[in-house]
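Trainee: I have a new model open on my screen and would like to learn how to read it. Could you walk me through it?

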Amino acid sequence: MSLWLTHPLFIPSLVVGITILLWATSLLPEFITALLFFAVAMVAKIASPDVIFGGFASSAFWLVFSGFVLGIAIRKTGLADRAARALSSRLTDSWPLMVASVVLLSYALAFVMPSNMGRIALLMPIVAAMAKRAGINDGTRAWYGLALAVGFGTFQLSATILPANVPNLVMSGAAEGSYGIHLNYLPYLLLHTPVLGWLKGAVLIVLICWLFPGKPHAPRDLTPSEPMSGDEKRLAWMLAVVLLLWVSESWHGIGPAWTGLAAAVITLLPRVGFINGDEFSTGVNIRTCIYVAGILGLAITVTQTGIGSAVGEALLQVMPLDAEKPFTSFLALTGITTALNFIMTANGVPALYTTLAQSFADATGFPLLSVIMIQVLGYSTPLLPYQASPIVVAMALGKVPARAGMLLCITLAAATYLILLPLDYVWFSVLGKL
């Protein structure tokens, strides 16, 4: 015991362990835990300031920040509300069509609105209005299904779009900080969308229709939308340019974070932009930004201090990672991610898993980038609602009981691991990633 107390990794491991425990148990608000990590890590001198505060220099931090700013502008101008109404107003003729429209709308908005929380805050009142027009009342199983469609569609399906999900950004920042690997928009989309986007979306629609049946009726009268305002038109054009730059990143080399930051700056400019200082101060969730910076700083600290290598060596002793058995290794890596999800929740999993990726790659013979990508299936498939904060928020806004959320979580997870995981392995193999 005394030898361990004098080990050079004891204090760094203690600081990291307590930070993870506080995030996992929510004994303190997440941003306060992040600030506590910064303070204690600096006082204890477990790493240099550029390592501990490295999250603030990460592209992931600035993409989260710009996502909040753009989300404020989209809501203020009414552009998102107009788009949602246009897409959903005639999709209430049947229950499967209505559920599918909500899931697809949640997924589609992820391409132009990076913030999970922003999309949920925007969609919930719109979906509630659509449900009311279709004769679906609050507190019914059908309404629970629609509210969960927003939460699950927003969080789980957006994992296939690099800038649209906080765990994705944490993974991207950790990969960049730990290995110098820069993830690109289109290759990431191609790798994950067919199985974790399209097929998982279809499974989600089927399960909601089965577990939460409903009988909507088409609304008889719909108030026509007013013509687009000048601000809506300008913002729509700007978002189209941003999306084009995100998709074409491999050609021009400008990362999504810096494209988003430039758009956010334009949004804030006097007379040219769309929001003022007061709206910025009340609308941008600085707490979440600090939390993301804390997670990224923790990930870099784990790598630089050697904690990641030590934990990786311990896991290598107990997990069935074998270069001769690729499917077993694929399954084991997904299992590691799932287990970490119970402890760290989805936002924190990539911070630790990514720092261990090199050890996993050496044991399995998989390319390092592929090992990093395998975790997406695990952290995007929570077994319980608390593991994904956007789902918890959607349930709270929709007043969905915990039992209903747990039922869909467990059922979708079972379908994912039994059906989609083998298909994901095949898709990785087809693309030559394994």
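Mentor: Gladly, and a definition comes before anything else: helices (H or I, at least four residues) and strands (E, at least two) are DSSP runs, numbered from the N terminus. This is a predicted model, where local features need pLDDT of at least 70 and side-chain atom pairs pLDDT 80 or more, while totals for chains, interfaces and linings use all residues. Residues are numbered from 1 along each chain as its sequence is written, and side-chain values use heavy atoms, leaving out hydrogens and water.

Trainee: What radius of gyration does the chain have?

Mentor: The radius is taken over C-alpha atoms, and the globule rule is 2.2 Å times the number of residues to the power 0.38. For 434 residues, a compact globule would be near 22 Å. The chain agrees with that, at 22 Å.

Trainee: Which percentage of the residues is buried?

Mentor: Buried means under 20% relative accessible area, exposed over 50%, and partly exposed in between, using a 1.4 Å probe and protein chains only. Of the 434 residues in the chain, the buried share is 54%.

Trainee: Where is Arg271, and is Arg271 buried or exposed?

Mentor: Most residues other than glycine have a negative phi. Arg271 is not a glycine, yet has a positive phi of about 70 degrees. Its place is the loop between helix H14 (256-268) and helix H15 (277-283). With 83% relative accessibility, Arg271 counts as exposed.

Trainee: Where is Lys399 found?

Mentor: Lys399, also not a glycine, has a positive phi of about 55 degrees. Its relative accessible area is 71%, so Lys399 is exposed. Lys399 is found in the loop between helix H20 (389-398) and helix H21 (402-430).

Trainee: How many aromatic pairs are there?

Mentor: Rings of Phe, Tyr and Trp (its six-membered ring) pair if their centres lie within 6.5 Å; planes under 30 degrees apart are stacked, over 60 edge-to-face, and the rest tilted. By this rule the count is eleven.

Trainee: Why does the pair of Phe38 and Phe56 tie together parts that are 18 residues apart in sequence?

Mentor: The two rings are tilted, 5.6 Å centre to centre with 40 degrees between the planes. Phe38 lies in helix H3 (residues 30-44), so the pair links that helix to the place of Phe56, the loop between helix H4 (49-52) and helix H5 (59-77).
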